[in-house]
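Reader: I would like a close look at one helix pair and its surroundings. Please give the cut-offs along with the values.

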Amino acid sequence: MENFDVLWSVLVVALVVESLVNIVTNIKEGETSWKYWLALGLSLVAGAGLSWNYNVDVFTLVGLEGNVPVFGSIVTGLLASRGSNIVSDLIGKINAWKLA
């Protein structure tokens with residue numbers, strides 16, 4: 001693996017981790033509404049399920065192969081479950097770094 005490939009891999013993993021941390025920190029503390037938790041749960045299950053079913057994986061998109069293939073699809077589904085804004089931000093950051 002060339003130095004650029006290693007740097008690219010580290011950057012993508014860092015951006016994915018940042019996005020996952022944003023998902024967790026945006027969960028409303030003290031939220032008691034069952035509608036909020038139902039919507040959150042359904043979006044997480046739908047995102048992970050669809051990504052897994054259709055083999056959508058942000059890591060393989062950039063050339064990273066994991067030891068547990070389904071993990072990439074589940075992480076991608078979690079990102080997708082939070083809507084297009086977080087996915088758009090992630091793609092924008094990856095493209096900006098790629099073009100720099």
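Author: Of the contacts in the chain (heavy atoms within 4.5 Å) between residues at least 6 apart in sequence, 62% join residues at least 24 apart. This is a predicted model, in which local features need pLDDT of at least 70 and side-chain atom pairs count only at pLDDT 80 or more, while totals for chains, interfaces and linings use all residues. Residues are numbered from 1 along each chain as its sequence is written, and side-chain values use heavy atoms, with hydrogens and water left out.

The chain has 5 helices and 0 strands, taken as DSSP runs numbered from the N terminus (helices: H or I, at least four residues; strands: E, at least two). In sequence order the pattern is α-α-α-α-α. The C-alpha trace spans about 50 × 25 × 20 Å along its principal axes.

Two packed helices are described by the angle between their axes and the distance between the axes. For helix 2 (residues 34-53) and helix 4 (residues 69-81), the axes come within 7 Å and cross at roughly 135°. Here axes are lines fitted to C-alpha atoms over the stretch in contact, and angles run from 0 to 180 degrees between N-to-C directions. Helix 2 and helix 4 are therefore oblique to each other; angles under 35 degrees count as roughly parallel, over 145 as roughly antiparallel, 65 to 115 as roughly perpendicular and the rest as oblique. The crossing of the two is right-handed, that is, the near helix is turned clockwise from the far one by less than a right angle.

On the helix 2 side, the contact involves Ser43, Leu44, Gly47, Ala48, Ser51 and Trp52; on the helix 4 side, Val70, Ser73, Ile74, Thr76, Gly77, Leu78 and Ser81. By class, this contact has 6 nonpolar, 7 polar and no charged residues (nonpolar: Ala, Val, Leu, Ile, Met, Phe, Trp, Tyr, Cys and Pro; charged: Asp, Glu, Lys and Arg; polar: the others, Gly among them).

Leu40 also lies in helix 2. Leu40 has a relative accessible area of 8% and is buried (buried is under 20%, exposed over 50%, partly exposed in between, with a 1.4 Å probe and protein chains only). Not counting residues up to four places away in sequence, Leu40 touches Ile27 and Arg82. Leu40 and Arg82 are 42 residues apart in sequence, with 8.5 Å from C-alpha to C-alpha.

The loop between helix 2 and helix 3 (58-61) holds Asn55. Phi of Asn55 is near 55°, a positive value in a residue other than glycine. Asn55 counts as exposed, at 60% relative accessibility.
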